[in-house]
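Try each task on your own before reading its solution.

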Amino acid sequence: MTFENNATRIRRTLMIELARRYLRHTLDDDVDNIPVEQHPRRGRAVRCCTHHDRAVTRYRLMALLGHAVENETDELKPLREYAAEAQARSEAPAQVLTVIDEACSACVPGNYFITNACRGCVARPCTLNCPKNAIDVVDGEAKIDREACIDCGKCMQVCPYHAIIYVPIPCEEACPVGAIRKDASGREQIDSEACIHCGKCVTTCPFGAIMEVSQLVDVLAQLRSGKRVVAMLAPALAGHLPAELEKVNTALRRLGFADVLEVAAGADHTAREEAAEFVERMEDGDALMTTSCCPAYVAAVERHVPAMKPFVSSTPTPMHFAGKVAKSLDPGCITVFIGPCIAKREEAHRDAMVDYVLTAEEIGAIFVAAEIEVAACPPTPFPRPARRTGRGFALSGGVTGAVAAHVRERVPLKPMSIDGLTSKTMKLLKVYAKGKGAGNFLEVMCCEGGCVAGPCSMAGLGAASKRITDYANAGASGEDLPTEEAGSMEEHVLVDERH
Amino acid sequence: MSKIKVEICMGTTCYVLGASSLLQVQEALPAELASRVEIDGASCLELCKNGQFGKAPFVRVNGETISEATIPKLVQAIRRHAAATA
């Protein structure tokens, strides 16, 4: 996601303000002042008035403190109580996304509108081409009968003056699975049974009404508790911080992380196991196998295309393997996955190997609050750099490349990919589920471009992809490591978990 | 003709508050300006440290500080400096 967007700026500013107070030990005393500080009494209001701005900011902070807005029971409960609960809880919050109804503008339903560019012409193709006779010309201007309109968009196509516009409901349009819908009041709510936690609504809503339920304070509290906390860096993170991951490694240790691992090393393991599984399945006569590392895709299958389930690889994800390595090397440690993804929170919630998930934005905000200049940190190299192919998992096509490298033509591999889940590509998944799709290996990434384009990323796709490619190219090549050596200390703790 | 120097602060604060996407300003420049600029990521310009934190990201165009920088703001500043030194 590129940044020309105030909703993103506000979210990150509040993350910084929270983290700064936590690090200065003033969170409990001072958190309730943030809404006022951000919206001073005589300042310019973004919404109707500063009071509304403050109310919305309070809910944003509630979400950033790891509380779902839907669970509010007492409107007068001060933020410091939410902050205290956040610091006291021993498990990450279960809910992933929350809607701030106070911020939702209840976008108008009905997608097509006639603007004042309408000249009430004689040809009137809008009235003639409407399949439901929903348009009439009244007082020299076309009018749409909302009851009859079916939002087909023919009128917009045929208007010679381009006087008819399409106005989407951005969150509903962005959701690949129709999980966000209006309630009776016209405000949006998320159907938790249908949601795949992809976060597309978060980045799309122009009012910033959908927030992630953050684990920022949870992680800071774990660091302060003196427990050994291990950071696991997604390969995609290499594109979204101001310096290389070796410098980020140093910066994280300054924050108090006991150790820092590359999730790309877990990806190496996923690729090897997934390749073995693919060969086995194809030899058994299967027609198709799909990847399993994108948690939003896996949730989409489970919740919306169950017929696809048998085709999804049962190999655990790179995050799982990284967590397993961390917990084996350092039993009792707390593991924190860091990347641009929100859906990983849901995966982590179901995986005992991963305790917390922070986004690229959150770790960036923590660095700002701790006044750590990441780019000025000396690099701390990873003792055993992950392979090029594992690091490449962050970019679309990367998983396929890594698996192909391990399959080594033992069986024919015909790769296909779905690069980005949308309502359209969800239909394509259903085609695959019926056994009618092309290829025998399908890579599915919920975010277009791959994990690099996750909802909580910072740099643009082009710049981030380039940096990730540099990171991947600096990784070990498969040939650098003889097979036994490749079964390094880390990998000895990983046994085949597929069956 | 000397080049117009564009230094985009890559300090942590500026990066998190938007500088991450400013390097793309190169692509937003018209051809006659694109050849006249030298765009670089700079290490922290220390501008966020003087109580102006809320004004990040910062960019320097030929020494002139641009706060709350956006790509259109940068293009404007570059245009101004190009006209002044033409």
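## Exercise 1: A helix across a sheet

Helix α12 (residues 263–283) of chain A lies across β9, β10 and β12 of chain A, and its direction makes about 40° with that of β10(A). The model is a predicted one.

**Task.** Work out the order of the strands in the open sheet of four that contains β10 of chain A, and say which strands stand at the edges.

**Solution.** 
- Step 1. Reading across the open sheet of chain A gives β10-β9-β12-β13, with parallel pairing.
- Step 2. β10 (259–262) and β13 (356–359) of chain A each have a single partner strand, so they stand at the edges and one side of each has no neighbour in the sheet.
- Step 3. From one strand to the next, the twist averages 25°.
- Step 4. Helix α10 (residues 216–224) of chain A also packs on the sheet, where it touches β9 (229–233), β12 and β13 of chain A. The direction of helix α10(A) makes about 115° with that of β13(A).

## Exercise 2: Two strand pairs

**Task.** Find how many bridges join β12 of chain A to β13(A), and which residue is the bridge partner of A:I135 in β4(A).

**Solution.** 
- Step 1. Strand β12 (residues 334–339) of chain A runs parallel to β13(A), and four bridges join the two. In this pair, A:L358 of β13(A) is the residue opposite A:I338.
- Step 2. Strands β3 (residues 135–138) and β4 (residues 141–144) of chain A run antiparallel and are joined by four bridges. The partner of A:I135 in β4(A) is A:I144.
- Step 3. Now look at the turn: the hairpin of β3(A) and β4(A) has two residues between the strands, and A:D139 takes a positive phi near 50°.

## Exercise 3: Aromatic pairs

**Task.** Count the aromatic pairs over all chains, then classify the geometry of A:Y112 with A:Y166 and of A:F278 with A:F441.

**Solution.** 
- Step 1. There are two aromatic pairs over all chains.
- Step 2. The ring centres of A:Y112 and A:Y166 are 5.3 Å apart with planes at 45°, so this pair is tilted. A:Y112 belongs to strand β2 (residues 112–114) of chain A and A:Y166 to strand β5 (residues 164–166) of chain A, so the pair ties together parts 54 residues apart in sequence.
- Step 3. A:Y112 is buried at 9% relative accessibility, whereas A:Y166 is partly exposed at 33%.
- Step 4. For A:F278 and A:F441 the centres are 5.6 Å apart and the planes at 90°, so the pair is edge-to-face. A:F278 lies in helix α12 of chain A and A:F441 in strand β15 (residues 441–445) of chain A, so parts 163 residues apart in sequence are tied together.
- Step 5. Relative accessibility is 0% for A:F278, which counts as buried; A:F441 is buried as well, with a relative accessible area of 0%.

## Exercise 4: Charges over rings

**Task.** Which ring does the charged end of A:R146 sit over, and which face does A:K344 lie over?

**Solution.** 
- Step 1. The charged end of A:R146 sits over the ring of A:F113, 4.6 Å from its centre.
- Step 2. A:K344 lies over the face of A:F337, with 5.8 Å to the ring centre.

## Exercise 5: The whole chain

**Task.** Check the radius of gyration of chain A against that of a compact globule with 499 residues.

**Solution.** 
- Step 1. A compact globule with 499 residues would have a radius of gyration near 23 Å, and the 25 Å of chain A agrees.
- Step 2. The C-alpha trace of chain A spans about 80 × 65 × 40 Å along its principal axes.
- Step 3. Of its 499 residues, 56% count as buried.

Terms used:
Residues numbered from 1 in each chain as written. Chains lettered and ligands numbered in written order. Predicted model: local features only at pLDDT ≥ 70, side-chain atom pairs only at ≥ 80, totals over all residues. Heavy atoms only, no water. Pairing = 2+ DSSP bridges. Axes fitted to C-alpha atoms, helices over the stretch in contact; angles between N-to-C directions. Contact = heavy atoms within 4.5 Å. Phe/Tyr/Trp six-rings, centres within 6.5 Å; stacked < 30°, edge-to-face > 60°. Buried < 20%, exposed > 50% of the residue type's maximum accessible area, 1.4 Å probe, protein only. Lys NZ or Arg CZ within 6 Å of the ring centre and 35° of its normal. Rg over C-alpha atoms; globule rule 2.2 N^0.38 Å.
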